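Student: I am new to this structure and would be grateful for a close look at a single part of it. Please take me through that part step by step.

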Protein chains: 2
Amino acid sequence: MIAHLLVALAVLLTAAKLGGVLAARLGQPPVLGELLAGVALGALPALGLHGTEGLARDAVLEALAELGVILLLFEVGLSTRFADLVKVGASAFLVACIGVVVPMALGYGVGAWLLPEASPVAHLFLGAALSATSVGITARVLRDMGRIGSPAGQIVLGAAVIDDVLGLLVLAVMVGLAGGGGGSGVMTVLAWVGAKAVGFLGVALVAGRWAAPRLFAIAARLRGQGVLFTLALVVCFALSWAASAVGLAPIVGAFAAGLVLEGVPFAELSDGAERLEERLTPLAAVLVPLFFVRMGLAVDLGALGTGSLALAGALSVAAILGKQACALAVVTPGVDRLAVGLGMIPRGEVGLIFANIGMSLAPGGRPLLGPGAFAAIVAMVLVTTLVTPPLLRWRMGTAPAAAAGPAPTVRAA
Amino acid sequence: MIAHLLVALAVLLTAAKLGGVLAARLGQPPVLGELLAGVALGALPALGLHGTEGLARDAVLEALAELGVILLLFEVGLSTRFADLVKVGASAFLVACIGVVVPMALGYGVGAWLLPEASPVAHLFLGAALSATSVGITARVLRDMGRIGSPAGQIVLGAAVIDDVLGLLVLAVMVGLAGGGGGSGVMTVLAWVGAKAVGFLGVALVAGRWAAPRLFAIAARLRGQGVLFTLALVVCFALSWAASAVGLAPIVGAFAAGLVLEGVPFAELSDGAERLEERLTPLAAVLVPLFFVRMGLAVDLGALGTGSLALAGALSVAAILGKQACALAVVTPGVDRLAVGLGMIPRGEVGLIFANIGMSLAPGGRPLLGPGAFAAIVAMVLVTTLVTPPLLRWRMGTAPAAAAGPAPTVRAA
């Protein structure tokens, strides 16, 4: 068991690093190289080279990758000033709303056009699968370029969090619609789901930012080596868990944990002995690429061929163009609107969750979504994931490639 | 699944850190506090507080803990000069041999005395369970005290590696004896097992130390961020896997990987940008305590009560005194002989492996070892693990507790 894991880690870390370095050499973000390295590893069995089949399904690797993306969003939260985020709050809220509504409408239209025999609820499911941004890719690209703190970066991050709450609400409505429940039942569920999610964020951010400096001051009096770093990780893991307990993505909790700890003066509390970023970066440097190479590994190129290519193409176009409407929702002056629209493009787990639920629901005895529609949604996730890094780099990347430079640092205190 | 892991990590990291800090406050090594924190967590269900039952069996936590002890021995290998180890080679070899033979003889005697109805092969199994030192605890205590480089520390480390090879040979003989195989069959197996283990170490150390600087020089020409660190981890994981593939403990491979990379000039190759120790320490700081708190968690206090307390006590005394004979085997001048004997005390997985095999073998239709003997061996592992940190600290610890100081650093280049 441990032997299997050791080989898998050696292979995945090597592939991720080679892919990342190669991408950086070609002027592309390292994350694109990691994704493609994963796709290549996943395609080996089809070429007759076996041994990588189990990698995508290994539970320990999956857990390590999940921890990686949680640490990534924690780092991103730590390097985000809460005040800056509040400043762009109105824009982020509007961007999130427009970014959910427009892609849903476009997805509904694509469904009505290409799957006319399916029910309107099925069309709505296709649209819902296009609604939620998956912030991991954008966060990674912005962090690698040192652009997390830019106004456009802040708006995308804020919008992605609100987006996740909206996605939950959409999911509750859709399941209610598909289940044929009465309108009042859906409204009750909706209110409850929304209250839990908004309540979590409110409590975590307001109470957390009040309590964290006090908690860390007490911990600092223990004067134990690594106590503050351990406590920071514990807060990150606890809030990630709490987010998932209220139905949000764990990474939303990790981002909130970063925002909560952003105001804690680590260096001061530990007399300069503990610098959170110095200890967090090496941990993230190992686990984060694991997340992205595994994301590539999960791509089943074979399954894409079986789906409707036209549907996949139309959904991808709808997904990309739909989020460009977000640019219009930016009310903060002096923001690169196109960068916001591009940063909102990636779709991920939430899209796949909708696709899965759409396949499992069969209100009239027939599944809402067939395997072709599912494969098309998977293709849309792949396309939006792969186009974002080069587009963002093209739009925002004026700095030289980070490949040969020092590690990107996190502004922690 | 990820939610469960997040809670478990938050709980285990908090418990480990609190235990470690408390132990340091009391002048004890942090690892003792981590072990006892694990024991306390494991005892909660018996006190009516549920929720920690699954922690000891969680596959992901187990894998993370295994990675932790692998990284610990990798760090220890990196901070060990290969030349120093060769210098104490004769002492280490003699210490390992005496440290296997004397405890085996004492264990055989204890068996013959307290379990007269069992077969002589069963007595030999009891003795064999006392033979192999488990180097994790000693390595951790020495590292925390900054005494890895002391002559006594080097001898214990070298002896522990040889010890693991001897343990494999003893295991091969024992299984042959219990299976009733002919003498020539056992000798063939023995030669093959020994050749594999010695061959692995020889190839890894000689070829590895020749190839590593060349491999890293090529990797450095990629000039990618974090390439050298990733490659170092990949070498560590690959050699740990290779060790387990030839039947050795993965940590022996990790230690060998550290020795192989000890001579690679990381800072020079990366123009000072990459310092291996700076990147490795935070990773180990999270995973290593996880290993020790889980080790404590695996202690089943209830099972100890059911075993023969006299047998447990006699085996523990035999295990501790048996390794003190090692002090006589030190031929290198100017070495703290008592420290060597104390450092060899901890027993671990290998003892439990012998106990398990002894329970599963039933040559005459009756298991060689009953549940009472098994519980006694588990108790012996627990006692030897818990007494070592305070004893080593008493003997070698003249420096102040590491609790409030800076992180222990690894001499990497």
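Student: How many residue pairs are in polar contact across the interface of chain B and chain A?

Tutor: The model is a predicted one, and in it four residue pairs, both members at pLDDT 80 or more, are in polar contact across the interface of chain B and chain A. The count of salt bridges between chain B and chain A, by contrast, is zero.

The side of chain B that touches chain A may be considered next. Four elements of chain B each give two or more residues to that side: α1 (2-25), α3 (59-78), α10 (227-245) and α13 (276-297). Of these, α1(B) gives the most, with 13 residues. By residue class, this side of chain B consists of 35 nonpolar, eight polar and seven charged residues.

The extent of the interface can also be stated. Chain B contributes 50 residues to the contact, and chain A contributes 50 residues. The size of an interface is often expressed as the accessible area that is lost when the parts come together. Here the area buried between chain B and chain A is about 4,100 Å², and carbon and sulfur atoms give 77% of that area. On the side of chain B, the residues that lose the most area to chain A are Leu6(B), Lys17(B) and Gln225(B); together they account for 15% of what that side buries.

To summarise, the interface has zero salt bridges and four residue pairs in polar contact, while 35 residues on the side of chain B that touches chain A are nonpolar.

Note on methods:
Residues are numbered from 1 along each chain as its sequence is written. Chains are lettered from A and ligands numbered from 1 in the order in which they are written. This is a predicted model: local features need pLDDT of at least 70, side-chain atom pairs count only at pLDDT 80 or more; totals for chains, interfaces and linings use all residues. Side-chain values use heavy atoms; hydrogens and water are left out. Contact means heavy atoms within 4.5 Å. Buried area is the accessible area (1.4 Å probe) that two parts lose on being put together, summed over both. A salt bridge is a side-chain nitrogen of Lys or Arg within 4 Å of a carboxyl oxygen of Asp or Glu. A polar contact is a pair of N or O atoms within 3.5 Å; within protein, one must be able to donate a hydrogen and the other to accept it, and residues adjacent in sequence count only if both atoms are side-chain atoms. Ala, Val, Leu, Ile, Met, Phe, Trp, Tyr, Cys and Pro count as nonpolar, Asp, Glu, Lys and Arg as charged, and the others, Gly among them, as polar.
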